[in-house]
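This report covers a pocket and a few loop residues. Please view the sequence and structure below first.

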Amino acid sequence: MTDLMTGTGSCLCGAIQFTAKTIHKHMGACHCHMCRKWNGGPLMAVSCGTEVEFEGAENISVFDSSEWAERGFCKKCGSHLFYRLKGNNEYSMLVGLFDDDSQFIFEHQVFIDKKPEFYDFSNKTENMTEAEVFAKYAPPSA
C-alpha cells in the first residue's frame with residue numbers, strides 16, 4: 001500500500017475543477033493565526049506536490065500571503081483552494097475540496113502552540129510548534 005494517490009475535486013460552485021497527481025494520504029491541520037483568519041478555523045490540507053492541473057484556472061485569484069507562500073481561491077464562490085509554497089511550487093490543497101476524501105489519514109498539526117483553547121482534536125498526531133515549523137520549512141534569511 002502506498003501513501004501516494006491521485007484525486008480530483010472542485011470549488012463549491014464548480015467553476016474550478018482540479019486533478020492532483022501526487023497526493024500524500026497523510027493530511028494535517030495548521031493552527032497559525034493566518035490560516036485561522038483565512039478559514040475561520042484551522043486549515044485542513046493535504047500535500048499534493050507540484051502536479052496539480054486546474055480547469056477554469058481563469059477563475060482562480062491568488063493572494064500573496066507571505067514572502068514564501070501564496071493562497072488561492074475561487075473568484076466566483078470564494079472557496080479556498082490551496083496554499084502554495086513559492087520556492088518549489090508545492091501545493092497544499094484543502095481536503096474538503098476532494099471528490100473522495102475517504103482515504104486521508106489525519107497525521108500532523110502545525111503551529112500547535114498557536115491553537116486556541118476552545119477546540120481540540122482527539123486524534124493522536126505529530127505536533128510542531130511555530131518555531132519548529134519555521135526551522136524546518138522557512139527559507140534561510142538573506
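## Lining of the largest pocket

In this predicted model, eight elements each supply at least two residues of the lining of the largest pocket: β3 (26–30), α1 (33–39), β4 (43–49), β7 (69–74), β8 (80–85), β10 (105–110), β11 (126–128) and α2 (130–137). The most comes from α2, which gives five residues.

The lining of the largest pocket counts 35 residues. Nearest the pocket's centre lie Tyr83, Ser92, Val110, Val133 and Tyr137. By class, 18 lining residues are nonpolar, nine are polar and eight are charged. The space in the largest pocket is about 870 Å³.

## Lys115 in the β10–β11 loop

Lys115 sits in the loop between β10 and β11. Its relative accessibility is 15%, so Lys115 counts as buried, the cut-off being under 20%.

A polar atom of the Lys115 side chain lies 2.6 Å from the backbone oxygen of Tyr119. Leaving aside residues up to four places away in sequence, Lys115 touches His31 and Asp120.

Asn89 belongs to the loop between β8 and β9 (91–94). Asn89 is not a glycine either, and has a positive phi of about 60°. Is Asn89 buried, partly exposed or exposed? At 35% relative accessibility, Asn89 counts as partly exposed, because that class runs between the 20% and 50% limits.

Methods. Residues are numbered from 1 along each chain as its sequence is written. This is a predicted model: local features need pLDDT of at least 70, side-chain atom pairs count only at pLDDT 80 or more; totals for chains, interfaces and linings use all residues. Side-chain values use heavy atoms; hydrogens and water are left out. On a 1 Å grid over the protein atoms alone, a cavity is a set of points where a 1.4 Å probe fits but cannot get out, and a pocket is an open set with protein on both sides within 12 Å along at least five of seven lines; lining residues have an atom within 4 Å of a point. Grid points are joined across faces, edges and corners, and a volume is the space filled by probe spheres set on the points. Helices (H or I, at least four residues) and strands (E, at least two) are DSSP runs, numbered from the N terminus. Ala, Val, Leu, Ile, Met, Phe, Trp, Tyr, Cys and Pro count as nonpolar, Asp, Glu, Lys and Arg as charged, and the others, Gly among them, as polar. Buried means under 20% relative accessible area, exposed over 50%, partly exposed in between (1.4 Å probe, protein chains only). A polar contact is a pair of N or O atoms within 3.5 Å; within protein, one must be able to donate a hydrogen and the other to accept it, and residues adjacent in sequence count only if both atoms are side-chain atoms. Contact means heavy atoms within 4.5 Å.
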